[in-house]
Each structure stands twice: as structure tokens, then as C-alpha cells.
Amino acid sequence: MVRNMRIRTMPYRPKLVVLIIVVIIVLITNRTIFYIRSSIEDVDQAKLKTLKKLAKDESLATVNRISAKFAPFQQKQIQENFMQIEQLQDAKTSVGQPQSEKKLQPPVQYGKDSYLKYFKDTNDNDIQDSFVNLHNYGFILNNKHACNKNVLVLVLINSDPRKYKERKLIRDTWGSVRFYSGANIVPLFILAKVEDQNLQDKIVLESKTNLDIIQGNFIDSYRNLTYKCVMGLHWVQKYCNHTKFVVKVDDDTLIDIYHLVRFLLQKSPDGNVEDFLYCSIYHNQGPRRTKDDKWFVPESEYPYSKYPPYCEGFAYVMSYDVTKKLYHASREVKFYWIDDVYITGFAALKAGVFQRNMESGHGYNLLESEHLSKNVQSSMFLLAKYEHLRKNWGAAWNDIKSFHQIE
Ligand SMILES: *[C@@H]1O[C@H](CO)[C@@H](O)[C@H](O)[C@H]1NC(C)=O
Ligand SMILES: *[C@@H]1O[C@H](CO)[C@@H](O)[C@H](O)[C@H]1NC(C)=O
């Protein structure tokens, strides 16, 4: 019997051994995987990459399914990490990075209100900028009498010194309307310094002829646009503090000036309007983090993920008191080179001024021929992309005039 049993059980023994060995191997492998996984815990990049692989198709259900094979504490960790990845991607896409360039980075530490830290992290040394904080503006050219009358609206046009043709287009069209419906309108071009003496001579002549140029004593470049805008506000306080409204536009914006004047008269029937900052509002935006973007901002310059709400810069309308508030607020707001964000975002927040969103139709429509006629009728501001500028500008202006029955 004993012999028989041994003989019978013999064939099962090696199977059992194999089974035990397999179990041990599986256990060891699992442990090893766990240890490997743990050892990369400290390295954020590697960890996120591994987990990213795990969450390949980016659905929480899949992650749950996969993580069900792990111990509960590991499951929890995996799910947490997945959430982190999701948040990262949200942060990435919302700052406008193309999907294909999604790159995993250490977790974003700042949320929606991260821009508030821009104020918190400011110390006295950060607000000593000679122009935007101390307002030490000097004018190479200044038509200081341009506003010497009863003015409804002063239009400040940020202009590149080299863009004489664009200024001429404006002067020949909406900029030529200086009086409408009993109201005075003053357009002024805001320029800054150029190195080229030849160009400077031309600008001097242009200013003498048209009396509509202000030229600041800092280099004209897009990195200095904030200087231009604060200089505009400075000029308003100094030479035009009786205007009811100030509009800021770029030199590629075509204004339906008749529509604008009617709208402003309607807004201030008794001549008084306050706290009016009217524009197309950007919410929940952040800096561009793609290196070859013209508006790229490295984290060293702006480490937070969000901007405060701010106005699209092609056109915004301010009541006079708003210009004054923003101007004074700029003393305490650290320089930031993206002018719309600086003026209508940070300075507005500091001054307690809130943007009002443009009514539909008032906002811009790109100045493209196929849209032209129908949009002109409702728009106040039309934006011409450079290549369309000369082609459609005159036609759009003619449409505007005929719509308002102007000869
Ligand atoms: C203006 O911009 C230029 C080039 O971006 C820079 O070199 C210059 O220092 C800036 N500031 C002033 C005050 O001109
Ligand atoms: C405008 O400026 C003049 C002269 O600088 C000053 O006398 C006047 O009080 C100012 N008005 C307003 C509304 O700030």
C-alpha cells in the first residue's frame, strides 16, 4: 500500500514543485516590479511617464481596470497619479499648447487664481521701472494741443513707426472723422523711438503735417508695448483729462467711428459715465509656453499658470475715470511686457475696475471680403490681418459710410 501510494503520488510531486516555483517567481516578479516602481517614485518625470503609459487611452475606466490588478494602496496611488496627469493636460491645453506637443512636467502648483501671486510676490524693488511705475516719460514728439477742445473720445492708436501706410489708411478713412453728432473725436498715434535717423526724419515730417503723433523716448519694440500703453494713459492725464472716453486700438483696426460715437453718446446721455471698461474679455487664459511662439513666456518670467481676466487688445473702450485709475494702479504693478494683460488685467484688478464684455456684433470680425458687407453693419471694430489690410480696408470704409448715409 505504502509503496503503491508513493508510486501514485510521485507524478504529482514535480507538478506541485513547479507550481510552488511559479508562485514564488510570480511573487518575486511582482515585488520586483513594485520595487522598480517605487524606486522611480522620486523622479517625477519618469514616474509620470510610466503612469502615463498605464493610462494610455486616458480613460479613467481603463485605469481602474488596470489598477484592479494591483494592491489597494497601489490602486489608490495610480488613480491619484492619473488625476494628476489629467490636471496637467488640462493646464497644458488651456494655455494653448498644441495637442501634439503635450509634454509631461512636474505637477502644476497653481490653480485658477494663480495670478494673484503676481501681486503677492512683488516687492518694492520690482516696482521701480522708470516708465511703467515711475512714469518718467519723455516725448520726442508731442502734439500736446491735440486735445484742446471739448472731446467725447480720444482714440489712442498703438502704431509701429515703420507703418506709415497703415497710418495713412486710418487718416484717410475713420481717422478723418473729427466731428460727428455734435461730438469731437481725436485720433492719436502712439510711437516710440527708432534708431534709424532717416526714418525719424520722416516721422518728424509726418507729425508736422498731421499733428497726430506722440513719440516716446524708449525703443519701439513689441517687448515695450506696455510702455506705450502706460505712456498713452500718462498723456491722457496730462493733456486730455476732460475727455469722456478713451479708446485704445492697434493700427490694423478699422473703427466704425459713427457707430462708436452713437454708442458712447448713448452710454453717457448726461455726459457722465464711470467705471466703464468695455471690451472682448479673455477668461482663464495663461502664458504661452511654446518656445517658438511670438508670445512665448518662460516660467522664469511668469511662473503662474493663469492670467486675470483681461481685454483683447485690438480695441477697448475706457471712461475717463478708468484711465485715471489704471494709470495710478500702474505705479504698484510690476512690469509685464504683454500690454493687454498688464493694463486691462493686472492694473484693472489692482484698481478694482471690471471689464464689461462687448455686445455681440460690437466685437471684431476679421476684415475679409466674404464677410465684409454683412458684418460692417453691426460691428464697431474690424480687425484687418496684415495681408488683407489694403485690399479690403477702403471697401469696408465705403460700406460703413453708406450704411450711415454719409456722403
Ligand atoms: C525696449 O525694447 C528693446 C528691444 O526689445 C530693448 O532693448 C530696450 O531695452 C527696451 N527698453 C527701453 C527702455 O527702450
Ligand atoms: C485736469 O488737469 C487740469 C490741469 O492740469 C486740472 O486743473 C484739472 O483739475 C484736471 N481735471 C480733472 C478732471 O482731473
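Helices and strands are DSSP runs numbered from the N terminus, a helix having at least four residues and a strand at least two. The model discussed here is predicted.

Q: In which loop is the place of Thr-243?
A: Helix H9 covers 225-239 and strand S6 covers 245-250.

Q: Is Thr-243 buried or exposed?
A: A residue counts as buried under 20% relative accessible area and as exposed over 50%. Thr-243 has a relative accessibility of 3%, so the residue counts as buried.

Q: Which backbone oxygen does the side chain of Thr-243 reach?
A: Beyond four places in sequence, Thr-243 is in contact with Val-151, Leu-152, Val-153, Leu-154, Val-236 and Tyr-320. Its side chain also reaches a backbone oxygen at 3.0 Å, and that oxygen belongs to Phe-245.

Q: How many residues apart in sequence are the parts that the pair Cys-147 and Cys-240 ties together?
A: The sulfur atoms of Cys-147 and Cys-240 are 1.8 Å apart, and the two residues form a disulfide. Cys-147 lies in the loop between S1 and strand S2 (153-158), whereas Cys-240 lies in the loop between H9 and S6, so the pair ties together parts separated in sequence by 93 residues.

Q: What is the handedness of the disulfide of Cys-279 and Cys-311?
A: Cys-279 and Cys-311 form a disulfide with their sulfur atoms 2.1 Å apart. The torsion about this S-S bond is about -65 degrees, so the disulfide is left-handed.

Q: Which strands hold Cys-279 and Cys-311?
A: The pair ties together parts that are 32 residues apart in sequence, because Cys-279 lies in residues 277-279 and Cys-311 in residues 310-311. These runs are strand S8 for Cys-279 and strand S10 for Cys-311.

Q: What pattern do the disulfides of the protein chain follow?
A: The count comes to 2 disulfides. One is formed by Cys-147 and Cys-240, and another by Cys-279 and Cys-311. With bonded cysteines counted along the chain, the pattern is 1-2, 3-4.

Q: Is His-135 buried or exposed?
A: His-135 has a positive phi, near 60 degrees, although the residue is not glycine. The residue is found in the loop between helix H6 (116-120) and strand S1 (139-142). Its relative accessible area is 7%, so His-135 is buried.

Q: Is Leu-211 buried or exposed?
A: Leu-211 is not a glycine, yet its phi is positive at about 55 degrees. It lies in the loop between helix H8 (197-210) and strand S5 (213-219). With a relative accessible area of 53%, Leu-211 is exposed.

Q: How do the residues of the shell around ligand 1 divide into nonpolar, polar and charged?
A: Ligand 1 is surrounded by Phe-131, Phe-218, Ile-219, Ser-221, Arg-223, Asn-224 and Tyr-227. Sorted by residue type, this shell divides into 4 nonpolar, 2 polar and 1 charged.

Q: What percentage of the area that ligand 1 exposes alone does the protein bury?
A: A backbone N or O atom of Ile-219 lies 3.0 Å from an oxygen atom of ligand 1. Polar side-chain atoms also lie by a ligand oxygen, at 2.9 Å for Ser-221 and at 2.6 Å for Asn-224. Taken alone, ligand 1 exposes 350 Å², and the share of this that the protein buries is 52%.

Methods:
Residues are numbered from 1 along each chain as its sequence is written. Chains are lettered from A and ligands numbered from 1 in the order in which they are written. This is a predicted model: local features need pLDDT of at least 70, side-chain atom pairs count only at pLDDT 80 or more; totals for chains, interfaces and linings use all residues. Side-chain values use heavy atoms; hydrogens and water are left out. A residue is near a molecule or strand if one of its heavy atoms lies within 4 Å of it. A polar contact is a pair of N or O atoms within 3.5 Å; within protein, one must be able to donate a hydrogen and the other to accept it, and residues adjacent in sequence count only if both atoms are side-chain atoms. Accessible areas come from the Shrake-Rupley method with a 1.4 Å probe; for residues, only the protein chains shown count as cover. Ala, Val, Leu, Ile, Met, Phe, Trp, Tyr, Cys and Pro count as nonpolar, Asp, Glu, Lys and Arg as charged, and the others, Gly among them, as polar. Buried means under 20% relative accessible area, exposed over 50%, partly exposed in between (1.4 Å probe, protein chains only). Contact means heavy atoms within 4.5 Å. A disulfide is a pair of cysteine sulfur atoms within 2.5 Å.
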